[in-house]
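Biologist: I'd like to go through this model piece by piece, starting with a helix. Can you put it up for us?

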Amino acid sequence: MLNIALSKGRIFDETLPLFEAAGVVPTEHPDKSRKLILPANLPDVQFLVVRASDVPTYVQHGGAHVGVVGKDVLMEHGGEGLLEPIDLNIACCKLMVAGYPDTNLDSTQRLRVATKYSNCARAHFAAQARQVEIIKLYGSMELAPLVKLCDLIVDVVDTGATLKANGLVPLEHIADISSRLVVNRVAMKTHSHQIGALIDQLNAAVKMSG
Ligand code: AMP
C-alpha cells in the first residue's frame, strides 16, 4: 500500500488535476467526508488527509510514503529525511518580510518579527547578521504590526492584497514558494517501483500543465 499525504484546501484543489493526469485520484473528496484515509481509484494507493504543516513530519517518519507540501512549510520543517523530486509548480507565492512602508530596516534597534515561520525568519536575519526578536504566531500575521506586537512580519504573499488591506507592504524577498512532491528516503527504496512510476507520471502532468 502506498500512502500519499495531502492537506485540504488550496494544495488539495490544485494538486488534484495533476494526480488526475497521473491516473491516481481519491474516490472521495475530503470536504465531503470525515474520513482521514481516503481510498483511491487504484487498490494499492490511499490518500491521508493531514494538516499542511504536518505533511513533512508524516513523510519523514514514514506514516506516509509521499506527500505534497508547500516549499514554505518544507523550509520551516528543515526537510530532514525527505527527498524533493518534483516542483509541482502550483500554489505559487513568495515568502516575504513585510511591514509598514516607513519601517527603518537599518535600525540598530532589535526589530521584533512576528511569524509562523520562525526558523526561516531566524535564518534570514542571521544571514544578514541582523539581531531580531522572533514572536511565534500561528495565523493572521498581518494583524500583529497593527497592534504594535511587532515591527515586521514574515509571511507568504500571493497578490499582496492582504498586506495592502492592512496598510502593509512587502519589504524583503526571502524565497519563491511552490508546492513540492516529497518522498520518504527509505520508501524511495522499498516502494521504488510504485513511487518511480508516480514521479514519472506527475512529471509528465506538470510539463503538460506548464
Ligand atoms: P494575498 O492577499 O493574495 O497576498 O494572500 C495572502 C494570504 O493568503 C496570506 O495570509 C497567506 O497566508 C495566504 N496565502 C497566499 N498564498 C498562499 C499559498 N500559496 N500557500 C499558503 N497560503 C497562502
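Biologist: Which residues of helix H8 are buried?

Modeller: Bear in mind that this is a predicted model: local features need pLDDT of at least 70, side-chain atom pairs count only at pLDDT 80 or more, and totals for chains, interfaces and linings use all residues. Residues are numbered from 1 along each chain as its sequence is written, and side-chain values use heavy atoms, with hydrogens and water left out. Helices (H or I, at least four residues) and strands (E, at least two) are DSSP runs numbered from the N terminus, while buried means under 20% relative accessible area, exposed over 50% and partly exposed in between, with a 1.4 Å probe and protein chains only. On that basis the buried residues of H8 are Ile 195, Leu 198, Ile 199, Leu 202, Ala 205 and Val 206.

Biologist: On to the open sheet: which strands stand at its edges?

Modeller: It's five strands with mixed pairing, in the order E8-E7-E9-E6-E10; two strands pair if DSSP finds at least two bridges between them. An edge strand has a single partner, so one side is left without a neighbour in the sheet, and that goes for E8 (132–136) and E10 (169–177).

Biologist: By how many degrees are neighbouring strands turned against each other on average?

Modeller: Axes are lines fitted to C-alpha atoms, for helices over the stretch in contact, with angles from 0 to 180 degrees between N-to-C directions. For this sheet direction is ignored, and the average is 25°.

Biologist: Which residue of E9 stands opposite Met 96?

Modeller: E9 pairs with E7 in the parallel sense over three bridges, whereas six bridges join it to E6, running antiparallel. E9 is also mostly covered, with five of its six residues buried. Opposite Met 96 stands Asp 155.

Biologist: With which side chain does Asn 3 make a polar contact?

Modeller: Asn 3 sits in strand E1 (residues 2–6) and counts as buried because its relative accessible area is 13%. A polar contact is a pair of N or O atoms within 3.5 Å; within protein, one must be able to donate a hydrogen and the other to accept it, and residues adjacent in sequence count only if both atoms are side-chain atoms. At 2.8 Å, the side chain of Asn 3 meets that of Gln 46.

Biologist: Last one: what is the phi of Lys 148?

Modeller: Lys 148 lies in the loop between H5 and E9, and it counts as exposed because its relative accessibility is 65%. Although Lys 148 is not a glycine, its phi is positive, at about 60°.
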